[in-house]
Amino acid sequence: MQIYRVTCLSFILMLFLWGMLDIVLAQYSSVVALGQKEFKSYCATCHGPTAKGDGPTAASLTTKPPDLTQLKKRNGGIFPFARTYEQIDGSSRTVVPGHGTNDMPIWGDVFRRDRGTAEQWIIGVSGRILSLVHYLESIQEK
């Protein structure tokens with residue numbers, strides 16, 4: 001009888017967690033989709049629509065924008081989540097070639113000034129940057 005109870009409870013817990021997984025994956029997908037919208041609005045001009053560094057203004061820049069689909073590969077197979085967030089936000093002290101000093105346009109500052117759409121305003125500056133970082137993480141090539 002005890003084994004039957006444990007088995008039933010385990011099964012119920014598994015169903016619950018499986019349902020939670022669907023919710024988490026759906027939320028993650030919406031975060032990535034928002035990040036893709038942000039990328040197209042703010043980054044694709046230089047980095048290109050597929051983030052390969054071939055945007056329409058890339059040719060006029062003194063330094064070619066990097067292929068953002070290679071961040072994980074260039075970092076030993078681990079996506080540099082925190083460093084990517086800091087670069088976008090402007091909190092990184094690293095100079096980005098092609099961006100000159102730390103003002104890449106620093107999207108953190110731009111997002112702080114620009115309230116954006118209602119959806120963008122609700123998630124705030126950190127949420128917008130996080131969605132961008134999650135989007136970039138989702139497009140990494142193997």
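Reply: Cys46 is partly exposed, at 27% relative accessible area. On this scale, buried means under 20% relative accessible area, exposed means over 50%, and partly exposed is what lies in between (1.4 Å probe, protein chains only). Keep in mind that this is a predicted model, where local features need pLDDT of at least 70 and side-chain atom pairs count only at pLDDT 80 or more, while totals for chains, interfaces and linings use all residues. Residues are numbered from 1 along each chain as its sequence is written, and side-chain values use heavy atoms, leaving out hydrogens and water.

What about disulfides, meaning pairs of cysteine sulfur atoms within 2.5 Å? A search of the whole structure turns up zero of them. For Cys43, the nearest cysteine sulfur belongs to Cys46 and is 8.7 Å away, and Cys43 is in no disulfide. Cys43 is buried, with a relative accessible area of 10%. Cys46 is in no disulfide either, its nearest cysteine sulfur being that of Cys43.

Now follow the chain to Ala51, which sits in the loop between helix H2 (44–47) and helix H3 (71–74). Helices here are DSSP runs of H or I with at least four residues, strands are runs of E with at least two, and both are numbered from the N terminus. Ala51 is buried, with a relative accessible area of 0%. Its phi is near 65 degrees, a positive value in a residue other than glycine. That is worth a second look, because most residues other than glycine have a negative phi.

Ala51 leads us to Phe39. Not counting residues up to four places away in sequence, Phe39 touches Ala44, His47, Gly48, Pro49, Ala51, Leu68, Leu132, Tyr135 and Leu136; a contact means heavy atoms within 4.5 Å. Phe39 is buried too, at 0% relative accessible area.

Phe39 is also one of the residues that touch the most other members of the largest nonpolar core, along with Ile88, Phe111, Ile129 and Leu136; this core has 21 residues. A nonpolar core is a set of buried Ala, Val, Leu, Ile, Met, Phe, Trp, Tyr and Cys residues joined through side-chain atoms within 4.5 Å. Helices H1 (2–42), H4, H5 (107–113) and H6 (118–138) each supply at least two residues of this core. H6 gives the most, with six.

Next come the rings. The structure holds two aromatic pairs. Rings of Phe, Tyr and Trp (its six-membered ring) pair if their centres lie within 6.5 Å; planes under 30 degrees apart count as stacked, over 60 as edge-to-face, and the rest as tilted. Phe39 and Tyr135 have ring centres 5.6 Å apart and planes at 45 degrees, so this pair is tilted. Phe39 lies in helix H1 and Tyr135 in helix H6, so the pair ties together parts that are 96 residues apart in sequence. Tyr135 counts as buried, at 7% relative accessibility. The other pair, Phe79 and Phe81, is edge-to-face, with 6.2 Å centre to centre and 75 degrees between the planes. Phe79 is buried at 10%, whereas Phe81 is partly exposed at 25%.

Charged side chains link up here as well. The whole structure has two salt bridges, each being a side-chain nitrogen of Lys or Arg within 4 Å of a carboxyl oxygen of Asp or Glu. Arg128 and Glu38 meet in one of them, at 2.9 Å from N to O. Arg128 is in helix H6 and Glu38 in helix H1, so this pair joins parts that are 90 residues apart in sequence. Arg128 is buried, with a relative accessible area of 1%, and Glu38 counts as buried at 1%. Glu141 bridges to Lys52, the closest N and O atoms being 2.1 Å apart. Glu141 lies in the segment after H6 and Lys52 in the loop between H2 and H3, so the pair ties together parts that are 89 residues apart in sequence. Glu141 counts as partly exposed at 34%, and Lys52 is partly exposed at 28%.

One last stop is Thr84, in helix H4 (residues 81–89). Thr84 is buried, at 8% relative accessible area. Leaving aside neighbours within four places in sequence, Thr84 is in contact with Leu71, Phe79, Val133 and Leu136. Just after H4, Gly90 takes a positive phi of about 100 degrees.

Methods: A disulfide is a pair of cysteine sulfur atoms within 2.5 Å.
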